[in-house]
Every structure is written in C-alpha cells, then in structure tokens.
Amino acid sequence: MDALLDISDLRVAFGSDPARAIRVVHGIDLRVEAGEIVGLVGESGSGKSVSCLAALQLAGARAKVTGEARFRGTSLLSLSEREIAALRGRAVAMIFQDPMSSLNPVKTLRAQMFEAIRLNNPALAKASRTALETEAARLLEEVGIPEAKSRLSAYPHQLSGGMSQRAMIAMMLAGSPALLIADEPTTALDVTIQAQILRLLKRLRDAHGMSIILITHDLGVVAETCDRVAVMYCGRIVEQGPVRTVFKAPAHPYTRGLLNSRPRPDLGSARLTPIGGVVPSPRDLPPGCAFGPRCDRVSDTCHAAVPAFRMDGDHGAACHHQDIAQPMAAMGGAS
Ligand SMILES: Nc1ncnc2c1ncn2[C@@H]1O[C@H](COP(=O)(O)OP(=O)(O)OP(=O)(O)O)[C@@H](O)[C@H]1O
Ligand code: NI
C-alpha cells in the first residue's frame with residue numbers, strides 16, 4: 001500500500017546559478033504512514049525545515065528542488081501552484097514555532113477562525129455566521145480552550161503562548177488535514193505547556209488518525225511523542241527507525257552523540273556530554289561522511305566516500321561503521 005507521504009531522493013539547493021548554488025538537502029528518503037508520528041531531529045541547519053517546506057513547494061522561488069514527494073500517490077512537486085495551494089491547509093497543514101507571528105495581531109480570534117474554516121472546509125465555505133461560530137467554538141474546545149465562545153472576541157495579544165499555539169492548531173484542524181507538519185511547535189513554550197501541547201497532538205492523532213511530522217531539536221520530545229524518528233545531519237538522513245530501537249541501539253555515531261548530550265534531569269547535568277566540534281557550513285562540507293570530522297570512530301574510508309544508507313528491517317543508518325552499533329544500556333532507552 002502507498003504511504004501517506006513518500007519522499008524519495010529529495011534534493012534542495014539555493015541560488016539561481018547551478019554552478020554556485022548551495023546544496024542544503026542531498027537526497028533524503030522518508031515515508032510517513034497513516035496515523036504515524038514521525039520525529040525529524042538534528043542540530044540547527046541540518047535541513048529539517050527546508051526538506052518539509054520543499055515537499056510542499058514552500059521553499060521559495062530561489063530553491064531548486066528535485067526528487068519526488070508523493071502524497072497519497074500524487075506527486076506534490078509537479079502540482080500547479082493552484083493545486084498545491086488547495087492541498088495545503090486541507091489535506092496537509094503546517095504549524096510553526098512561534099504562534100504569535102502566525103496569528104494576525106489586528107484581527108480577533110473569531111475573524112481568524114472564520115477565515116480558516118471558510119478557506120479550508122469546503123462544506124462551510126458559504127456558511128452563515130451562526131454556523132461558523134458553532135464550528136469555531138467546537139474546534140477551540142477540541143484543542144482544549146475552555147469557554148471557547150467567549151474567547152472568540154479575544155485578540156492574539158490577549159492569549160498566552162500556549163493558548164496561541166492551541167488556537168493555531170484549531171485553525172489547522174478546520175480543514176481536517178491527514179498530515180500535520182509541526183515545526184518546533186513547542187520550542188517557544190515553557191516545559192509544562194510544552195507537555196500539554198504534545199499530549200494534544202497525540203490525542204488528535206488518536207482521535208482523527210492524523211499523521212504528524214514533528215520537527216524538533218529535543219530527543220526528549222521524540223521519546224515522549226513519536227513512533228518513528230529520522231535523524232538529519234548536514235542535509236542527509238543519517239539514521240531512521242522506530243523510536244524504541246533507535247534509542248536503545250543507535251546505529252550512527254551522530255545519533256549516539258545526540259543521545260549522550262541530551263539533558264537528563266534524573267542524572268544531573270554532570271552527565272551531559274556535548275558532541276565536540278561544530279556543524280560544517282553547507283558551503284564547505286568535508287569530503288566523504290559529513291560527520292567524519294566530529295566522529296570518534298572516523299577512519300580513512302569515512303573521508304573517502306559518503307556512506308550509503310543501509311536499511312536492516314525497519315531500522316537503518318548511513319555509516320561506514322554501523323556494525324559497531326552498540327546498545328545504549330547506560331541511557332535507559334526511550335523511557
Ligand atoms: N531561503 C534560503 N536561502 C538560502 N539558504 C537557506 C534558505 N533557507 C534555509 N537555508 C539554508 O538551508 C540549510 C538548512 O536550513 P533549515 O532551516 O532546513 O535547517 P533546520 O534543520 O530546520 O534548522 P533549525 O533547527 O535551526 O530550524 C541551512 O544552512 C540554511 O541556512
Ligand atoms: Ni528548522
């Protein structure tokens with residue numbers, strides 16, 4: 001059966017002159033099944049956002065995108081602007097880190113909810129004010145905004161960060177999307193609110209069978225929320241698999257590094273071991289494996305060739321030394 005979303009060999013470069021274009025995504029493969037929550041992790045600049053934006057034709061006019069991104073079998077990259085615009089919001093929705101910047105500061109929640117409903121729910125495109133009001137209140141209640149009807153007159157600045165993100169999620173639900181791409185949706189929120197929003201996303205998946213791609217820096221968020229995880233480094237997916245498997249027995253040294261550097265309040269900050277070195281710039285990638293210069297297992301082979309991605313069952317990695325994959329016994333797995 002077709003996956004809900006099937007990205008294959010997706011490449012993104014920026015710049016109009018092909019000879020001088022900066023290549024930032026180097027051929028990624030990612031499948032998302034119906035009802036699945038897939039985490040996309042990696043340090044800043046690894047290409048998480050650009051990959052998702054490119055698949056939806058949102059990477060901007062300067063982006064040169066090749067490869068394939070199929071949604072329910074339809075090739076997204078070959079849709080016309082009108083066709084993809086119709087799909088965005090309805091079948092596929094995106095939410096971002098800073099809900100405040102996505103909300104219009106001079107419009108009430110009511111006006112913005114009505115707009116989202118009219119635009120993304122064809123059945124209510126010409127609905128009466130009463131019908132829109134009922135639907136807006138229903139959506140706000142679904143995302144856990146109490147006394148929804150009375151909140152509709154609020155302006156964005158009257159909502160807390162958590163409430164704003166809930167409101168954004170309510171607007172996105174107006175179109176009943178099958179896939180939600182959530183780009184760092186909780187990074188700007190404090191820990192308690194973050195946990196509430198993540199629980200909300202899981203509840204929406206359970207209630208509607210919605211698939212979610214959750215972009216995050218935070219492996220704790222992945223462990224809590226995701227079924228599968230894909231780890232990106234310098235524009236490539238270097239490891240992917242079920243969250244449990246990847247946390248218990250990471251096959252790529254970069255994944256092991258991320259797991260080791262994850263803050264573990266239970267162990268005290270003394271256990272924090274950051275990955276040495278810095279992420280190379282996409283203008284200046286090292287030859288061979290891009291993680292080579294930071295890797296404790298690096299060998300001549302690593303500098304000579306980019307390692308191919310090898311899948312073993314449902315878990316795979318791109319490392320010349322992945323046979324050295326070791327259980328993360330000391331980490332306690334995905335608790
Ligand atoms: N419009 C653009 N023009 C040129 N380069 C871009 C553009 N957008 C992104 N990039 C570059 O593409 C690379 C990947 O960026 P991207 O935003 O996808 O990273 P990310 O993994 O989402 O990081 P973060 O965690 O910081 O959001 C970066 O080197 C970035 O500078
Ligand atoms: Ni990003």
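1. R72 sits in the loop that links strand 4 (63–71) to strand 5 (74–75), where helices (H or I, at least four residues) and strands (E, at least two) are DSSP runs numbered from the N terminus. R72 has a positive phi of about 45° although it is not a glycine. Most residues other than glycine have a negative phi. R72 counts as partly exposed because it has 16 C-beta neighbours inside 10 Å; with C-beta atoms placed from the backbone, 20 or more others within 10 Å make a residue buried, 12 or fewer exposed, and values in between partly exposed.

2. This is a predicted model, in which local features need pLDDT of at least 70 and side-chain atom pairs count only at pLDDT 80 or more, while totals for chains, interfaces and linings use all residues. Residues are numbered from 1 along each chain as its sequence is written, and chains are lettered from A and ligands numbered from 1 in the order in which they are written.

3. C234, in the loop between strand 9 (228–233) and strand 10 (236–242), also has a positive phi, near 50°. With 23 C-beta neighbours inside 10 Å, C234 is therefore classed as buried.

4. The axes of helix 4 (residues 109–120) and helix 5 (residues 129–142) come within 10 Å and cross at roughly 100°, the axes being lines fitted to C-alpha atoms over the stretch in contact and the angles running from 0 to 180 degrees between N-to-C directions. The contact (C-beta atoms, placed from the backbone, within 7 Å) involves R110, M113, F114 and I117 of helix 4 and L132, E135, A136 and L139 of helix 5.

Technical notes
Contact = placed C-beta atoms within 7 Å.
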